[in-house]
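Subject: Structure for you to look at

Hello,

Here is the structure I promised to pass on. Please open it and keep it beside you while you read.

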Amino acid sequence: RSKAQYEGLLRGGTRRMFSGFTFIVAPNGAGAARLGVLMSLRVSRLANVRNRVKRCIREAFRLEQQGLAPIDVLVRPPQNIRLERDMLARLRNAFSSLKQ
C-alpha cells in the first residue's frame, strides 16, 4: 500500500502480458493475494473510463482471488483502452493463468 512497496514490486516483480494488460507479479508474505492498479491519464483522458477499467480489474481479481497463491499483483492497463463487453472475461482468464 505504500509507495516503497509499489516501487519494490516494479523493480523486483516478474512481468507478464495478457490482452494488452501488463501484470507485475511477486510473492508476498501476507498469506493472501493482493492487488494494485497503476492507472494514468494515458489510459484515457476521461475519468469515468479510467474508473470503469479499475472497477473491472478489481472485480476480476475478486472473483479469482481464492485460487491465487500469496502473491502481489500490479496491473497496468494499455494506453488508450476501449471498454469492451468481454473485458471482465479476459481479465479473469489472465488472473486464472497466474495460478500456474
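Below is what turned up, topic by topic.

Please keep in mind that this is a predicted model.

**Aromatic rings**

Start with the rings. The whole structure holds three aromatic pairs. One of them joins Phe23 and Phe95 edge-to-face, with 5.3 Å from centre to centre and 90° between the planes. Phe23 sits in strand E2 and Phe95 in helix H3, so this pair ties together parts that are 72 residues apart in sequence. Phe23 is buried, because its relative accessible area is 0% and the cut-off for buried is under 20%. Phe95 is also at 0% relative accessibility and counts as buried.

Phe95 has another partner. Phe61 and Phe95 form an edge-to-face pair, 5.5 Å centre to centre, with 65° between the planes. This pair links distant parts of the chain: Phe61 is in helix H2, Phe95 is in helix H3, and they are 34 residues apart. Phe61 is buried, as is Phe95. Ring pairs link Phe18, Phe23, Phe61 and Phe95 into a cluster.

**Leu68**

Now find Leu68. Its place is the loop between helix H2 (47-64) and E4. Is Leu68 buried or exposed? Leu68 has a relative accessible area of 9%, so it is buried. Leaving aside neighbours within four places in sequence, Leu68 touches Ala33, Phe61, Phe95, Leu98 and Lys99. Two of these names, Phe61 and Phe95, belong to the ring cluster above. Leu68 and Ala32 are 36 residues apart in sequence, yet their C-alpha atoms are 7.8 Å apart in space.

**The largest pocket**

Next, the open space. The largest pocket holds about 260 Å³. Helix H1 (3-12), strand E3 (34-37) and E4 each give two or more residues to its lining. Among the lining residues are Arg1, Tyr6, Arg34 and Asp72. How do the lining residues divide into nonpolar, polar and charged? Five are nonpolar, two polar and three charged.

**Two positive phi angles**

Last, the backbone. Most residues other than glycine have a negative phi. Ser19 has a positive phi, near 55°. Ser19 lies in the loop between strand E1 (14-18) and strand E2 (21-27). Its relative accessibility is 43%, so Ser19 counts as partly exposed.

Asn80 also has a positive phi, near 50°. Look for Asn80 in the loop between strand E4 (71-76) and helix H3 (87-97). At 62% relative accessibility, Asn80 counts as exposed, because the cut-off is over 50%.

Best wishes

Note on methods. Residues numbered from 1 in each chain as written. Predicted model: local features only at pLDDT ≥ 70, side-chain atom pairs only at ≥ 80, totals over all residues. Heavy atoms only, no water. Helix = DSSP H or I, 4+ residues; strand = E, 2+ residues; numbered from the N terminus. Buried < 20%, exposed > 50% of the residue type's maximum accessible area, 1.4 Å probe, protein only. Contact = heavy atoms within 4.5 Å. 1 Å grid on protein atoms, 1.4 Å probe; cavity = no way out; pocket = protein on both sides within 12 Å on 5 of 7 lines; lining within 4 Å. Points joined across faces, edges and corners; volume = space filled by probe spheres on them. Nonpolar A, V, L, I, M, F, W, Y, C, P; charged D, E, K, R; others polar. Phe/Tyr/Trp six-rings, centres within 6.5 Å; stacked < 30°, edge-to-face > 60°.
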